[in-house]
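Subject: Structure for you to look at

Hi there,

Here is the structure I promised to pass on. Please open it next to your own notes and have a look before reading further.

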Amino acid sequence: MKTIRQIADEIGVSKTAVNKQIANLGLRSGLRKNGNQFAIDEHQEALIKQAFSEKSQTEIENQTQTENHEVSDLVCVLQATIDTLQGQLEVKDRQIEKLTEALVAAQQTAAAAQALHAGTIQQQLITGEAGVDQQEPEQKKSWFSKIFGGR
């Protein structure tokens, strides 16, 4: 035979919790009084411990369900975030593709302009139209006079 305190200590709850469980199970009338303490027989002890065990199992299941629900909610939020980011990434990929096409076109235009300019310079060199050295002697003289004062 054990006391309420001993059972409470064994299962890690308060005396009040054990007393409430005794009342819930309807065991109060079957307890024997030993001085100022109740004496609980083995059968009653087993019923009390089983009730706490079932209560603990229910709490664990509820907690597990709550955690599963929270994890499920988190997964939904993360999936929505992933979907949003993938959509943004697709937009960025299209923008990069368009910019790459524009850059290639600009490079081709620049290459064509350089080739045209090089061709123009080459033609001027061949025909003698380019530069100060090909100017008329009179123009050279006036240019020289301006810089060196008429010598």
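Predicted model: local features only at pLDDT ≥ 70, side-chain atom pairs only at ≥ 80, totals over all residues.

Residues are numbered from 1 along each chain as its sequence is written, and side-chain values use heavy atoms, with hydrogens and water left out.

**The chain as a whole**

There are four helices and two strands, arranged along the sequence as α-α-β-β-α-α. Helices here are DSSP runs of H or I with at least four residues, strands are runs of E with at least two, and both are numbered from the N terminus. Of the 151 residues in the chain, 11% are buried. Buried means under 20% relative accessible area, exposed means over 50%, and partly exposed is in between (1.4 Å probe, protein chains only). The chain exposes about 12100 Å², with carbon and sulfur atoms supplying 55% of that area; the areas come from the Shrake-Rupley method with a 1.4 Å probe. If you count contacts (heavy atoms within 4.5 Å) with a separation of 6 or more, 48% of them are between residues 24 or more positions apart.

**The nonpolar core**

A nonpolar core is a set of buried Ala, Val, Leu, Ile, Met, Phe, Trp, Tyr and Cys residues joined through side-chain atoms within 4.5 Å. The largest one has 10 residues: Ile4, Ile7, Ala8, Val18, Ile22, Leu27, Leu31, Ile40, Ile48 and Phe52. Helices α1 (4-11), α2 (15-25) and α3 each give two or more residues to this core, and α1 provides the largest share, with three.

Gln44 sits in helix α3, which covers residues 42-127. Gln44 counts as buried because its relative accessibility is 6%. Beyond its neighbours within four places in sequence, Gln44 is in contact with Leu27, Gly30, Leu31 and Ala39. Glu45 is also in helix α3, and is buried at 10% relative accessible area. With neighbours within four places in sequence again left out, the contacts of Glu45 are Lys2, Ile7, Glu10 and Ile40.

**Salt bridges**

Side chains of opposite charge can pair when their charged atoms come close. Counting a salt bridge as a side-chain nitrogen of Lys or Arg within 4 Å of a carboxyl oxygen of Asp or Glu, there are five. Which residues form a network of them? Lys2, Glu10, Glu45 and Lys49 are linked in this way. Within that group, Glu10 pairs with Lys2 at 2.4 Å, N to O; Glu10 is partly exposed at 43%, and so is Lys2 at 23%. Lys49 pairs with Glu45, their closest N and O atoms being 2.8 Å apart. Those two lie four residues apart in helix α3, about one turn of the helix, and Lys49 is partly exposed at 26%.

Another salt bridge joins Asp9 and Arg5, at 3.4 Å, N to O. Asp9 and Arg5 are separated by about one helical turn because they are four residues apart in helix α1. Asp9 is exposed at 51%, whereas Arg5 is partly exposed at 42%.
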